[in-house]
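Me: I would like a close look at a single part of this structure. Please give me one connected answer, in short sentences.

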Protein chains: 2
Amino acid sequence: MVPNALFVACVALLAAPLGVHSLWPIPRTLSTGSEGLKLAHGFAIQFQGSLSHHAPADLKAAVSRTLYQLKHDGLERLVVGRAGADTDKIAKARQLNALKVELVASASNNILGITQNANLPIGMRDEAYTLHVPADGSPSVLSANSTLGLFRGLTTFSQLWYTSGSTIYTVEAPITIWDKPAYPYRGLMLDTARNFFPKADILRTLDAMSYVKASTFHWHIVDSQSFPLVIPEFPELSAKGAYAPDQVYTPADVQEIVAYAGARGIDVMMEIDTPGHTSAISASYPEYVACPDARPWASFANEPPAGQLRLASPSVLTFVQQLITSVLKELPGPYFSTGGDEVNLNCYKMDNITQTQLVQHNQTFEQALDTFVQATHKPILGAGKVPVVWEEMALNNNVTLSNDTLVMVWISSANAKAVVDQGFQIVHAPSDYFYLDCGAGGWVGDFVAGNSWCDPFKTWQKAYSFDPLANITSDQAHLVLGGEQLLWTEQSSPSNMDSIIWPRAAASAEVFWTGNTLPSGNATSTSEALSRLHDLRYRLVQRGIRAIPLQPHWCALRPHACDLTA
Amino acid sequence: MVPNALFVACVALLAAPLGVHSLWPIPRTLSTGSEGLKLAHGFAIQFQGSLSHHAPADLKAAVSRTLYQLKHDGLERLVVGRAGADTDKIAKARQLNALKVELVASASNNILGITQNANLPIGMRDEAYTLHVPADGSPSVLSANSTLGLFRGLTTFSQLWYTSGSTIYTVEAPITIWDKPAYPYRGLMLDTARNFFPKADILRTLDAMSYVKASTFHWHIVDSQSFPLVIPEFPELSAKGAYAPDQVYTPADVQEIVAYAGARGIDVMMEIDTPGHTSAISASYPEYVACPDARPWASFANEPPAGQLRLASPSVLTFVQQLITSVLKELPGPYFSTGGDEVNLNCYKMDNITQTQLVQHNQTFEQALDTFVQATHKPILGAGKVPVVWEEMALNNNVTLSNDTLVMVWISSANAKAVVDQGFQIVHAPSDYFYLDCGAGGWVGDFVAGNSWCDPFKTWQKAYSFDPLANITSDQAHLVLGGEQLLWTEQSSPSNMDSIIWPRAAASAEVFWTGNTLPSGNATSTSEALSRLHDLRYRLVQRGIRAIPLQPHWCALRPHACDLTA
């Protein structure tokens, strides 16, 4: 391990002028110079030590992608005059021939790949790395305790460079970085049920996530509107619940997505939301669903169509357990979410079968819900994994959760405190900071004045200003695993997927990687961050991600010229 | 001409059950049946009469594009079961072998093309057409007084059809349409100065505009941030004012865009905004610009950078006149805009040269502005064209405008009345209904709490609910030429161009084509419109326009199921 004491010591030693406007998230510790350095034509990334003969395939692939990015990013520095502004520095720059990549203190023949690291229990993942880029042309060195750390370092290395014609260079050598994330869970949630997203769009999003060192893809894969997940043991679910035969995720698709994510340091946390948000199951198993498409929908669900699993039915419990068991087989990661948001009591009140079953079992609604949740968590715990729920399961309804349950705080950032007070680990997913869909107007029909329920639009500045430890005591800080931005897709599709996510989702990626302190020791601020986020946005575009501009290009070329009081 | 009396008579005759969910904008008069009809494999579009030998090239091209769309749209009907729901009707459907296309009462050898029609003075454009699609397999007939009308009819025809496998069919034959627009100006404004848009993106947008029968592309081509327009007589303007050497519009680009638009029934109305919004000119002609990039910018401009033409300088007047004269040569249409919004008095107060010139000429600011505007309009009027201004030029500052000046009402829809009270023709472009950029959050730097000045997001429902004649007397109604939705691009680029414009901009396209009355005689409503707008959105996607979904796909398949009170 990179010793923590040494890490802390280096924070002090390297507290240097803030540099490398190209890095996002900004490393925890960073020292930069002001000399030019350019990549030699034969620039190579070379494995050292045990990696020379035993580099995992996914690390080799990551090196290949890094070399491709260095060659093809083609990003000119965002200054007036662009690459032309650096002509003098480029002329004087030394040439860098190699980046040497090594694992620290490892002589193992059995090196864990990036993928295996990404799927470890979250506390066991080691993402730390050090990177030194001398200005004199001697080899750069990237070292880490794990291939996952090396991958994060390669990601950083790929962001250091600009292009001028065929020259690939930096103007801030020498560069020394000691880096590791402040929080292990840095996520993005995608809802693939309100509207469908082909596999290619998800893979591209995973690429973009990896560029900002995200660690978790929270896949809200099914919901009341559609059930695109193909589960071989229950083929009717998608056959009748998907929007179209070609709008599904087969086991092979899931495997490909999970593997693609893992190779990019991203764990896939799938969610099968229960008992609410399950109307789509009524198409194949009508006997399992209460109040399917009941009207008026607003009385029975937060959005149409209504429909919830009959939570008091023993056969439903068996069905859900079998369903979760089947899905878990395909997922190597440590987490699985059973959702649990927005359970609607009216739906069960109007359902005679549920009412009869409650009487038969002599249960209240809350008791039945408790039984249901514990039943659904049983296969997860049995598989050695951690169940994940939305905040209502912890805060409402007196549900009994196992101590290590991970709770997603979504309704309001103000609710985080109440959840950690119960001793649960949390992920920040608050609608008031991190919901990417807010502000796009109402989508409900026949409602001219309708607006987004979570207005206004959550700007990157708002997301970036989030404090993960607000109202949380230092004793509780260890319960905060991180956070995620979320895209609910009532009004989204591949058409706007990139533009509604990027670069905004980079805001939380930095909040939870860097924390609230810059390498300089100063607090993070949107004022400091803006020029780096511009840089990331333009680099994302160069890499094929349709990220939107944050300002007129005129402003992007002139840091602070478009500040409020400039 | 299609006789107006006959047109009105047909409105009554054809007041039939509302059909053809696929049409947007919905025709003024429409009759549909419920029989199936499918295109024969050898389906052809055949010119009749004078067109047989003298069809203009742009009409021939439009026919080719229509045939391409019929073959490639590949849109399944938006119902549960999609194409499968229509199996029975398709099996019974007759085959349609031909659409006959004819000009009414024209035997001329010199038929005006679509392009020539689109560039006529706005009152002289005839966009009316009639279309009859019998159910019995006998040829369909499209007729109009002009090729522009025929083009509108081809656009309608292309929207009638769905796809089931290799079958192209409708389930609503017979169909009879008498149609013509309620307002001649149906526009979209694009700002290509805050961020640059390559030619290909503009051409694609023109295609999408033509699909909803838009008539005017309002091209806000330059602004304070950049000057991408290449003017051969003033090459330094773009050489120093464009963002990059390849981020310009050459005369050849402008010609191509104008020709592409014209062939699709769209006139290009270019705007060179003056005297404000001209900071970019200071890069090449610093002597012409007051307060360039003055700080704090908020004291001198509505957004950075500050900078306005020295309106009291005779050499500036000469320069602007020459500039406008040069640009006008490339533009065949009847309109040219000199802008005139957001002129900032402080900028001139701090500019010693302007103050000195005002004293020399013994002019107040208002008098100088009046002189300036009249001077800039002189070459426009001299070329037989109509000057266009933003509303401030009519409502503030006592500027003298020629009677036929066209005024764009943008600050608020409430200001339309004041402008028409002065006797000016107007185009509705109100920020409170039609600004596509609103609601995306603040973009000014170092301002965490910043939101869009024109919050909230303008939904399609809001735009669609616009009443062109609100507060306007019947005597004044003729002054309303139409309206447009507008995209200011501080936070937009090709990345989100399609998704921020479409399908929202279709809302005004229908408001100003159809007016506020449906073919049934009922008032238009978002409730009726939604399923048609879904249909358009899915068709746009099939045609390569990245239009966003308005609702979950589940709702799109089930009209009214997601209404507020459903």
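Reply: Helices here are DSSP runs of H or I with at least four residues, strands are DSSP runs of E with at least two, and both are numbered from the N terminus. The model is predicted. By that numbering, Asn398(B) sits in the loop between helix 14 (392–395) and strand 14 (406–409) of chain B. Its phi is near 55°, a positive value in a residue other than glycine. Asn398(B) counts as exposed because its relative accessibility is 62%, and the cut-off for exposed is over 50%.

Is Gln225(A) buried or exposed? Gln225(A) is buried, because its relative accessible area is 4% and the cut-off for buried is under 20%.

What does Gln225(A) touch, leaving aside its neighbours within four places in sequence? In chain A its contacts include Ala193(A), Arg194(A), Gly241(A), Tyr243(A) and Ala280(A). Glu303(A), Pro304(A) and Pro305(A) are also in contact with Gln225(A). From chain B come Pro552(B) and Trp554(B).

Two polar contacts involve the side chain of Gln225(A). One joins it to the side chain of Arg194(A), at 2.9 Å. In the other, a polar atom of the Gln225(A) side chain lies 2.8 Å from the backbone oxygen of Pro304(A). Pro304(A) is 79 residues from Gln225(A) in sequence, yet their C-alpha atoms are 7.9 Å apart.

Trp554(B) leads on to the interface. Chain A gives 59 residues to the contact, and chain B gives 59 residues. About 4,800 Å² is buried between the two chains, and carbon and sulfur atoms give 56% of it. On the chain B side, Trp554(B), Arg546(B) and Leu564(B) lose the most area to chain A, together 13% of what that side buries.

Which elements of chain B give two or more residues to the side that touches chain A? They are helix 17 (460–464), helix 20 (526–542) and helix 21 (553–556). Helix 20 of chain B supplies the largest share, six residues. By type, the chain B side divides into 27 nonpolar, 22 polar and 10 charged residues.

His277(A) counts as buried, at 12% relative accessibility.

Ser508(A) is buried, with a relative accessible area of 2%. Its side chain makes a polar contact of 2.8 Å with the side chain of Gln485(A). Leaving aside neighbours within four places in sequence, Ser508(A) is in contact with Gly187(A), Phe434(A), Glu484(A) and Gln485(A).

Last, the cis peptide bonds. The bond from Trp24(A) to Pro25(A) is cis, with omega near -5°. The bond from Trp502(B) to Pro503(B) is cis too, with omega near 5°. Pro503(B) lies in the loop between helix 18 (497–501) and helix 19 (506–514) of chain B.

Technical notes
Residues are numbered from 1 along each chain as its sequence is written. Chains are lettered from A and ligands numbered from 1 in the order in which they are written. This is a predicted model: local features need pLDDT of at least 70, side-chain atom pairs count only at pLDDT 80 or more; totals for chains, interfaces and linings use all residues. Side-chain values use heavy atoms; hydrogens and water are left out. Contact means heavy atoms within 4.5 Å. Buried area is the accessible area (1.4 Å probe) that two parts lose on being put together, summed over both. Ala, Val, Leu, Ile, Met, Phe, Trp, Tyr, Cys and Pro count as nonpolar, Asp, Glu, Lys and Arg as charged, and the others, Gly among them, as polar. Buried means under 20% relative accessible area, exposed over 50%, partly exposed in between (1.4 Å probe, protein chains only). A polar contact is a pair of N or O atoms within 3.5 Å; within protein, one must be able to donate a hydrogen and the other to accept it, and residues adjacent in sequence count only if both atoms are side-chain atoms.
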